[in-house]
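User: I'm new to reading protein models. Could you walk me through one, feature by feature?

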Amino acid sequence: MSEALLSMGINSTFILTMTGMIGTGIGVLLSYFLKSRCTLIKCCCVECRRAPVTLTPTDIEIIN
């Protein structure tokens, strides 16, 4: 690592932690997109236009 990063207290553990947090945030955002029933989703600079699956009561099967 460069001396500038080390002098600011940024080491490989910090970089690994930040990478994990950013990856988790992206995963949560994608999970939200999948579970949403909206046709247009805008979040920060990400936009998703889609047609959600329509379910009727006969499509649902309850298994005990």
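**Reading the fold step by step**

Analyst: Let's start with the order of the pieces: from the N terminus on, the elements of the protein chain run α-α-β-β. That makes two helices and two strands. Keep in mind that this is a predicted model.

User: Since it's predicted, how do I read the confidence? Which element has the lowest mean pLDDT, and which the highest?

Analyst: The general idea first: where pLDDT is low, the predicted coordinates should not be read in detail. Here the chain averages a pLDDT of 79, and 89% of the residues score at least 70. Among the elements, helix α1 (residues 3-7) has the lowest mean, 68, while α2 has the highest, 86.

User: Okay, on to the strands. In which sense do β1 and β2 pair?

Analyst: A general point about strands: in a regular one, the side chains alternate between the two faces of the sheet. In this model, β1 (residues 40-43) and β2 (residues 46-49) pair in the antiparallel sense, over four bridges.

User: Is R49 buried or exposed?

Analyst: R49 counts as exposed because its relative accessible area is 64%, and the cut-off for exposed is over 50%.

User: What about the residue after it, R50? What does R50 touch?

Analyst: R50 sits in the segment after β2. R50 is partly exposed, since its relative accessible area is 24%. If you set aside neighbours within four places in sequence, R50 is in contact with F33, L34, S36, R37, C38, T39 and I41. Take F33: R50 and F33 are 17 residues apart along the chain, yet their C-alpha atoms are separated by 9.6 Å.

User: And how do I read the surface as a whole?

Analyst: Begin with the totals. The accessible surface of the chain comes to about 5,700 Å², and 67% of that belongs to carbon and sulfur atoms. Of the 64 residues, 6% count as buried.

User: Which residues make the nonpolar surface patch?

Analyst: F14, I15, M18, M21, I22, I26 and L30 make a nonpolar patch of about 650 Å². With a relative accessible area of 32%, M18 is partly exposed. Patch members need over 30%, so M18 at 32% can be included.

Note on methods
Residues numbered from 1 in each chain as written. Predicted model: local features only at pLDDT ≥ 70, side-chain atom pairs only at ≥ 80, totals over all residues. Heavy atoms only, no water. Patch = residues over 30% accessible without salt bridge, like charges linked within 9 Å, V, L, I, M, F, W, Y side chains within 5 Å. Areas by Shrake-Rupley, 256 points an atom, 1.4 Å probe, with all protein chains shown as cover. Salt bridge = Lys/Arg side-chain N within 4 Å of Asp/Glu carboxyl O. Buried < 20%, exposed > 50% of the residue type's maximum accessible area, 1.4 Å probe, protein only. Pairing = 2+ DSSP bridges. pLDDT = per-residue confidence, 0-100. Contact = heavy atoms within 4.5 Å.
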